[in-house]
Amino acid sequence: MELLVFPLVLLAHFALSLDNGLMRTPPMGWLAWERFRCNIDCATDPKDCISESLFMDMADRLAEDGWKELGYEYVNIDDCWAAKKRDSQGRLVPDPDRFPSGIKALAQYVHSKGLKLGIYADLGKYTCGGYPGTTVDKVELDARTFASWGVDMLKLDGCYSNSSDKAVGYPLMSKALNATGRPIAFSCSWPAYEGGLPPRVNYTLLGEICNLWRNYYDISDSWESVQSIINWYGKHQDVLQPAAGPGRWNDPDMLIIGDFGLSIEESKSQMALWAILAAPLFMSNDLRTISRSEVEILQNKLLIKISQDPLGIQGRMIMQEKNSIQVWMRVLSSSTMAFAFFSQRTDMPYRYTTSLIQLNVTAPKVFSAQDVYTGRVQHGLQLDTKFTVTINPSGVVMLYVYPEDQFKPNRRPRDYPLLL
Ligand code: GLA
């Protein structure tokens, strides 16, 4: 008996991230907020209001339109789901008109489709939208309520509380979720409320108590918003990049591909950069009406393989050229890597010439490079072979680069890894 217990104790002691075992690769799914906000007007807008039928619709789409197989498994509720008052026992309850079956039934529905359900709360007096908040004294009760409903993930926002409440409340919620015995992934908005940087933010602690965390401002439906997020992550990468790893992720916020603010080039850029950043891939869009070209971006298999690389190392911006071109790189498993050549130019396609050695690759090998969006493969790249990528304005060229010698001789390199 003692022999069995001993290694478990050791493991628990040395765990470097929240040891609920969840989210070893960046989580994927759907989250209501950016697209559907706090639309509670079900009388005039029944299809698009925050209600159980909206989440059931999205669960249906995730399960039936090829999303689930690719890893998009969470269906996540955001703000404005609750009734304006707690019940007589102090528990949070859903709005009875918009969630007449209750959250437990919704969780069962989502689970029956092979998906997971996420919910939203706010450490503070009110949620950001003015619904009942989770003050420190309510943390344990709310954790138990969510577990009793069969919820799989909690996003804990931070409106209407001060820094000392947050310093107590976030670690307490982490413990309370673990104490329920139900695996519930924990998304913390805490750092976003403290400016996202040390000394006010302690990323070591966050990695111990949260599976993911928002660092920066909310995304909105515009290219400016996406650009400002990418540039902030690039600027502060020395702090942010080492904080991420299996089970603990920086969250630059939702994917807005499929909404109204991004062109196709911009959508490709958001997807590529989010994969390089090892970011959670939570779409906030309308999966009932999304167009084919946007689905293709979000369902790109090679991109998702890059996002979900098992090493879980966040990528870095390795070059920032004066002409508004950035080069980003993510180190992947099996001596492979991904590059994103990203343009914030507004004139015409830009021809960027480089070589692997200029991109800091040093392994003395011959590589192939596959363009993630076109599928085209270039073979025989030596470290000093020059190659040129043509990057559209606001667009990206993303390459998956792999050594040719890692493949068995009877398998021609060009048979692999064409996943498109
Ligand atoms: C904050 C969060 C958003 C969203 C809203 C809900 O602004 O950062 O992601 O959850 O609150 O009111």
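Hi everyone! Residues are numbered from 1 along each chain as its sequence is written, and side-chain values use heavy atoms, leaving out hydrogens and water. Since this is a prediction, local features need pLDDT of at least 70 and side-chain atom pairs count only at pLDDT 80 or more, while totals for chains, interfaces and linings use all residues.

Let's start with the ligand. Which residues are around it? They are W33, D78, D79, Y120, C128, G129, K155, D157, R214 and D218, each with a heavy atom within 4 Å of the ligand. By class, this shell has 3 nonpolar, 1 polar and 6 charged residues; Asp, Glu, Lys and Arg count as charged, Ala, Val, Leu, Ile, Met, Phe, Trp, Tyr, Cys and Pro as nonpolar, and the others, Gly among them, as polar.

A polar side-chain atom of D78 lies 2.6 Å from a ligand oxygen, for D79 the distance is 2.7 Å, and for D218 it is 2.6 Å. On its own, the ligand has 310 Å² of accessible area, and the protein covers 90% of that (Shrake-Rupley method, 1.4 Å probe).

On to the largest pocket, with about 360 Å³ of space. A pocket here is an open set of points on a 1 Å grid over the protein atoms alone, where a 1.4 Å probe fits, with protein on both sides within 12 Å along at least five of seven lines; lining residues have an atom within 4 Å of a point. The volume is the space filled by probe spheres set on the points. Of its 19 lining residues, D371, T374, R376, V397 and L399 are closest to the centre. The lining divides into 9 nonpolar, 6 polar and 4 charged residues.

Notes. Polar contact = N/O pair within 3.5 Å; in protein donor to acceptor, adjacent residues only side chain to side chain.
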